[in-house]
Amino acid sequence: DQWWNGEWYDARIFTPTLGVMFFKPQELTDSLFLNTDRDIVEGLGERPVVAFIVEGSSARSAGVELGHVLLKVNGTEVRNPKDASRLIKEGPRPLPLLFYVPNTEVVVAEGEHMVKYDTRDTTAPNSAKDWKPKYVVIGGIIAQPWMMNMYRSKSEYDIAVIETQARRPVSVKVKQFSLQGARIQNDWQGPQMVKYKNKLHPWKYIVVLPVARNPIKISSPNLTQLKPVHEGIRRVLLSQQRDRGYNPNSAGPMRGNADPYGQGAPPLPADSYSGGGSVGNDPYGRAQAQTDPYSRPQAQPDPYGRPQAQPDPYGRPQSQPDPYGRPQSQPDPYGGAPAYGATPVQPYRY
């Protein structure tokens, strides 16, 4: 089968917990497996996919990464996340695990950045001290795809994920922004640059212009660090343009600026938002005008059919106990007893 066109590796776990969360492949088609071929997703069945890793965990030390698929625990084949949870908890230590790495691009849109969002300026601050360090996450496993959440650190994001999946109130501070209707300032030119006297290299930054809020400036000391979040925002904005009937392949004016990343990406048509925008020449050399491999309804931004206007800080419906809109009879993917509505089992205890 096509989904076997990847690699396998063995891992050995010595600690009581693994420090990961497993999801079914079909639950990740709007995040980690966004760009994964449908045949691969379907071929994986319900096998557990690593969707979250706690920093400093035994899984991280063993080389486990997001998007890796658990096939066997102590020689026993694993068919779903519930099996994985049970076998990992009951298995001996050291515990041998067999993982599979699909031959696909895993989409991760998060990282540590310096940000500025408390002024109306669309230019970079005059001093490097005016920026705030934040861990920025676009979408992810506990938020709607069009939400941008900022945490004080990666460890606090870990806490938020664990508490959310365990159905406990989130105890860490989070700054949240909706990307619905937003655009990126002059994105066809690529990231902008600012030089500070006390910094060796210029900082690269983008300016997100949300609806009825201050501009959001996100910076990194180099393009490599800025790329995942920048691309994540661009995907959200391009998806919104598709939903509103914009066709990137239609004839129209072209913006032919040189590729700032030196990758020779062809320019794309001007974006449909006024004042420039989010779909210009891709500075990362990626094709923007790809169709949705899962044939999801273009007029429905949320693939799980949840309401969009929510008071919940992560954009989830208050009346929906399951964060992914699954039926209540669905077994708990984290190794618990009945379902999401039942007393939760700590999802990170394996």
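These legends go with a set of close-up views of a predicted model.

**View 1. The whole chain, before zooming in.** This predicted chain carries five helices and 14 strands. Of its 350 residues, 51% count as buried. Take the contacts between residues at least 6 apart in sequence: 64% of them join residues at least 24 apart. The accessible surface comes to about 15700 Å², and carbon and sulfur atoms own 50% of that.

View 2. E6 runs over residues 95-101 and is mostly covered, with five of its seven residues buried. Strand E1 (residues 7-13) pairs with E6 in the antiparallel sense over seven bridges. To get your bearings on that side, look for Ala-11, whose bridge partner in E6 is Leu-97. Strand E4 (residues 69-73) also pairs with E6 in the antiparallel sense, over four bridges.

**View 3. A stacked ring pair, Tyr-9 and Phe-99.** A search of the whole structure turns up nine aromatic pairs. In the pair shown here, the ring centres of Tyr-9 and Phe-99 are 5.4 Å apart and the planes sit at 15°, so the pair is stacked; the cut-off for that label is planes under 30 degrees apart. Tyr-9 belongs to strand E1 and Phe-99 to strand E6, so the pair ties together parts that are 90 residues apart in sequence. Phe-99 is buried at 0%, and Tyr-9 is buried at 18%.

**View 4. Strand E3 and its neighbour E2.** How many of the five residues of strand E3 are buried? Five of the five are, so E3 (residues 49-53) is largely enclosed by the rest of the structure. Strand E2 (residues 20-23) pairs with E3 in the antiparallel sense over four bridges. One spot to check is Val-20, whose bridge partner in E3 is Ile-53.

View 5. H4 covers residues 154-165, and its end C-alpha atoms are 17 Å apart; at 1.5 Å a residue, the 12 residues should span 16 Å, which agrees. The helix is mostly covered, with 10 of its 12 residues buried. Among them are Tyr-157, Ala-160, Val-161 and Ile-162, along with Lys-154 and Glu-163. Which strands do the buried residues of H4 pack against? They pack against E2, E3, E7 (110-116), E8 (132-138) and E9 (147-151). Just after the helix, Arg-167 takes a positive phi of about 60°.

**View 6. A cluster of rings.** Ring pairs link Phe-52, Tyr-135, Tyr-151 and Tyr-157 into a cluster. Tyr-157 is one of the buried residues of H4.

View 7. Val-136 lies in strand E8. Is Val-136 buried or exposed? Val-136 is buried, with a relative accessible area of 0%. Leaving aside neighbours within four places in sequence, Val-136 is in contact with Ala-109, Glu-110, Gly-111, His-113, Val-115, Met-148, Asn-149, Met-150 and Val-229.

Methods. Residues numbered from 1 in each chain as written. Predicted model: local features only at pLDDT ≥ 70, side-chain atom pairs only at ≥ 80, totals over all residues. Heavy atoms only, no water. Buried < 20%, exposed > 50% of the residue type's maximum accessible area, 1.4 Å probe, protein only. Helix = DSSP H or I, 4+ residues; strand = E, 2+ residues; numbered from the N terminus. Pairing = 2+ DSSP bridges. Expected span 1.5 Å × (residues − 1). Contact = heavy atoms within 4.5 Å. Areas by Shrake-Rupley, 256 points an atom, 1.4 Å probe, with all protein chains shown as cover. Phe/Tyr/Trp six-rings, centres within 6.5 Å; stacked < 30°, edge-to-face > 60°.
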